[in-house]
Amino acid sequence: MTKSDVVVVGGGSTGTAVARDCALRGLKTLMLERDDIASATVGTCAGMISSGLKYMDEPHIVDMCSQEVVHLNRIARHIVMKNPILTPMLELSDLSSGGSFAEEYSKRAAKREVPPVLFLTPEDSLKIEPKLNPNIIASMYFEEFFIDPFRLCMLQAIDAQRAGALIRTYCEVIDITVKDDSVDEVLFYDRVKGDIERVKTKTVVNAGGPWAPGIAKMAESNVEIRPNKGAHVILDRRVVNVGIIAKAVDGRMIYLFPHENTVLLGTTALDTWEDPDTLVASHDEIEYLLQSMEWVVPSIREARIIRTMAGVRPLVANWKVPEDKVTRGYETIDHEFEDVRGLFSFTGGKLVMCRHMAETVTDLVCEKLGVKHKCTTHEIPLPGMEADVDILAFSADYGISQHAVERLRARRGTEMTRVLELTRENPDWRTTICACEPVLEAEIRYSIREEFPQNLNDLRRRVRLGTGPCQGTFCTYKASAILMEELDLSGEGFKVDILDFLAERWKGKRQSFRREQLVQEEVTQGMYTCVANLDQSEIEYDPKPWEGSI
Ligand SMILES: Cc1cc2nc3c(=O)[nH]c(=O)nc-3n(C[C@H](O)[C@H](O)[C@H](O)COP(=O)(O)OP(=O)(O)OC[C@H]3O[C@@H](n4cnc5c(N)ncnc54)[C@H](O)[C@@H]3O)c2cc1C
């Protein structure tokens, strides 16, 4: 049996941030994720690292979020994007809440190095975004930052690993043993090896997001959350080139954000009792978002819906208030109050706060272990953040298109040179595998060697494979062949992996099929089901393979 100072359960934004902080403070850290890094809630979020002004009633949260944006810009600028945002107004009543927002935003603007809010005439608004409804009476202009949530989690995990942490994916925690009122052992099932393992530890951080209550229960402890469903619709093109925030049919605010080569329309916020493992966006959610945004961007339905995604926000359990009155802050639970020393859980929180959440809990873990090291995660850059990158020079030097080099930079910053160097010895690896993005063969090979993906879905999270308008129709075979070669997998593994990847794409597509997307889907189905004779019904999945062996 191995030993750890701390076991972190969950490899989302919170878990990877905690693993990084613990490792940087010199703790022997093991992070266990039952699936892949960023495979759950964080992978369904909008990636907005906002100033938190939606929650103006909680000024301490607005201040904390603003400060975190400053930190993220310092440690991860290469994966941060700044988007201009317009809030178009169609009626005088839309203007009413704008004043106090503008005041609060402008107070904190200088700190985040963005201009104060501007109120624009309809003419100026339409110059910035011609797709707006010409009947608007004004708009508000401001700027917000966004981060690539998949890369943030990956870089936090890699940095934790470089600082000595053990990062284990496909390892599901199945029990936490408590001895003499303290956590003692964590039992987990390794899905790749098919083994059960045990690790001895004095502290466990439960960063299980919506699964946190179930994880706490393993140690006979309690966590209560208010699960809140959010859905997004992804359209096949950049319908707009600036972010749009507008009032929905029920008066809530919704958004349309340019996101890589697509746009993200979101989000809903509904109390939910659905299983977070099988959650999908509903027809009603899709129509609610489309109809609401159509008022300010009338052409929105001309774009093709390529995918939807849904996740569960693990909100703090404030009940008997409307969901938008529930705090968007977080709580850290030290389970010592219920006689389980060494177990810590979270409720609430957001992507933008993950570093802050990690700092708070790592302080508690260090206190428990008698370790005195201070937090440095707000100062130490994440991998790839060391310097700016000259796209034109790299493009000329390596003979790769500027666009492909720029996309590589957006994922890897200075570490992109490690990918580019592979093409010196293997010029063929400059081949584009995923044309929508684009993704080069060299990046796929680098990712497989350095970022521990086990399958095509993991590769998607690392390099955006198959996330564009064709949703994997043309890149799946090619990428799969590379993966099988690099991991030395068998023909049967090849087939199951392709089916898994297509099933995951299908999960996000089937609720939204309309018009041209149906035609696109027929091409995909034809290519895989008819030509390649692949049949989805062949996938077998056992959710609890360890049962009977404990
Ligand atoms: C639609 C939507 C939009 C959002 N937009 C934003 C936004 O723009 N900005 C923002 O700041 N926040 C946003 N959020 C909130 C944000 O996404 C979440 O608060 C945050 O990502 C939660 O991360 P997490 O790591 O705590 O949880 P998760 O990402 O859910 O990670 C928990 C992990 O624990 C793992 N796990 C569960 N059980 C076990 C086990 N037994 N053993 C091992 N591992 C286990 C899971 O597989 C999972 O990977 C949004 C949320 C939603 C739903």
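Predicted model: local features only at pLDDT ≥ 70, side-chain atom pairs only at ≥ 80, totals over all residues.

Colleague: What does a backbone N or O atom of serine 13 lie 3.1 Å from?

Modeller: An oxygen atom of the ligand. Residues are numbered from 1 along each chain as its sequence is written, and side-chain values use heavy atoms, with hydrogens and water left out.

Colleague: And how far is threonine 14 from a ligand oxygen?

Modeller: A polar side-chain atom of threonine 14 lies 2.7 Å from an oxygen atom of the ligand. For valine 352 a polar backbone atom is involved, 2.9 Å from a ligand oxygen.

Colleague: Which residues around the ligand come nearest?

Modeller: Thr14, Glu33, Thr41, Met48 and Val173, out of 37 residues around it. "Around" here asks for a heavy atom within 4 Å of the molecule.

Colleague: New topic: what are the domains?

Modeller: Domain 1 is 2-41 + 150-224 + 328-369, domain 2 is 81-143 + 226-317, and domain 3 is 391-538. Those bounds come from an automatic or database domain assignment.

Colleague: How many residues are in contact between domain 1 and domain 3?

Modeller: 15 residues of domain 1 touch eleven of domain 3, with contact meaning heavy atoms within 4.5 Å. The two domains bury about 1200 Å² between them, 48% of it on carbon and sulfur atoms. Buried area is the accessible area (1.4 Å probe) that two parts lose on being put together, summed over both.

Colleague: How many salt bridges cross that interface?

Modeller: Four between domain 1 and domain 3, where the rule wants a side-chain nitrogen of Lys or Arg within 4 Å of a carboxyl oxygen of Asp or Glu. Aspartate 36 and arginine 462 also form a salt bridge, at 2.7 Å, N to O.

Colleague: And how many in the whole structure?

Modeller: The search finds 51. One joins the side chains of glutamate 185 and arginine 198 at 2.9 Å, N to O.

Colleague: Why does that pair tie together parts 13 residues apart in sequence?

Modeller: Because glutamate 185 lies in strand S9 (residues 182-190) and arginine 198 in strand S10 (residues 195-206). Strands are DSSP runs (E, at least two residues), numbered from the N terminus.

Note on methods
Polar contact = N/O pair within 3.5 Å; in protein donor to acceptor, adjacent residues only side chain to side chain. Helix = DSSP H or I, 4+ residues; strand = E, 2+ residues; numbered from the N terminus.
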